[in-house]
Amino acid sequence: MEISEKLLCLFSAEITDEGDRYTVEVPQREVDTGSVDPGETYRVALIRADEASEESEDPSPQPSQTPSSEPQPPVEPGEIRYVEIEDIGKQGDGIARVERGYVIIVPGAEIGERVKVEVSEVKSNFAVGEIIDETV
């Protein structure tokens with residue numbers, strides 16, 4: 001699955017039925033972190049949670065692409081970061097956000113924890129970080 005590097009935020013939400021319309025709520029933290037602004041118009045992509053997890057587990061290498069003028073991920077493999085876990089993903093992994101709303105997935109972390117992680121994998125729209133110190 002290709003996800004644009006223009007991704008501003010990533011969160012899970014349910015679609016609620018409000019009679020003549022359906023609603024997807026944007027979490028307050030996305031506004032608080034500056035990822036999105038009330039009153040602005042955004043393009044929204046919906047991915048069924050079970051399909052998204054199947055795609056993310058695909059270990060096949062992606063073909064290399066020509067460099068673009070799009071912003072590069074704000075982290076690199078091997079980088080050490082202190083992050084605060086803001087959410088839990090569908091697979092139970094902690095989710096932290098850093099510059100520009102970029103997501104770092106932290107297996108084994110809980111909401112509200114501040115942990116020291118080593119970035120082990122970097123993709124255009126998210127990274128994976130392994131906890132190296134939980135007492136931060």
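Visitor: What should I know before I start?

Guide: This is a predicted model, so to speak of local features we need pLDDT of at least 70, and side-chain atom pairs count only at pLDDT 80 or more, while totals for chains, interfaces and linings use all residues. Residues are numbered from 1 along each chain as its sequence is written, and side-chain values use heavy atoms, with hydrogens and water left out.

Visitor: What makes up the secondary structure of the protein?

Guide: The protein has two helices and eight strands, and from the N terminus they run β-β-α-α-β-β-β-β-β-β. Both kinds are DSSP runs, numbered from the N terminus: helices are H or I with at least four residues, strands are E with at least two.

Visitor: Why is Asp87 called buried?

Guide: Buried means under 20% relative accessible area, exposed means over 50%, and partly exposed is in between, with a 1.4 Å probe and protein chains only. Asp87 has 16%, so the label is buried. This residue lies in strand E4.

Visitor: And why is Arg29 called partly exposed?

Guide: Because its relative accessible area is 21%, and values between the two cut-offs are called partly exposed. Arg29 is in helix H1.

Visitor: How do you know what Arg29 is in contact with?

Guide: Contact means heavy atoms within 4.5 Å. Leaving aside neighbours within four places in sequence, Arg29 is in contact with Phe11, Glu86, Asp87 and Arg97. Arg29 and Glu86 are 57 residues apart in sequence, and their C-alpha atoms are 8.3 Å apart.

Visitor: What makes Glu99 and Arg81 a salt bridge?

Guide: A salt bridge needs a side-chain nitrogen of Lys or Arg within 4 Å of a carboxyl oxygen of Asp or Glu. Here the closest N and O atoms are 3.1 Å apart, and the pair qualifies. Glu99 lies in the loop between strands E5 and E6 and Arg81 in strand E3, so the pair ties together parts that are 18 residues apart in sequence. Arg81 is buried at 14%, whereas Glu99 is partly exposed at 38%.

Visitor: How many salt bridges does the structure hold?

Guide: The structure holds five. Among them is Arg97 with Glu86, where the closest N and O atoms are 3.2 Å apart. Arg97 is in strand E5, and Glu86 is in the loop between E3 and E4. Another is Lys123 with Glu121, at 3.6 Å.

Visitor: What makes a group of residues a nonpolar core?

Guide: A nonpolar core is a set of buried Ala, Val, Leu, Ile, Met, Phe, Trp, Tyr and Cys residues joined through side-chain atoms within 4.5 Å. The largest one here has 13 residues, and those with the most contacts inside it include Val75, Ile104 and Ala127. Strands E6 and E7 each supply at least two residues of this core, and E7 gives the most, with three. In soluble globular proteins, nonpolar side chains tend to be buried together.
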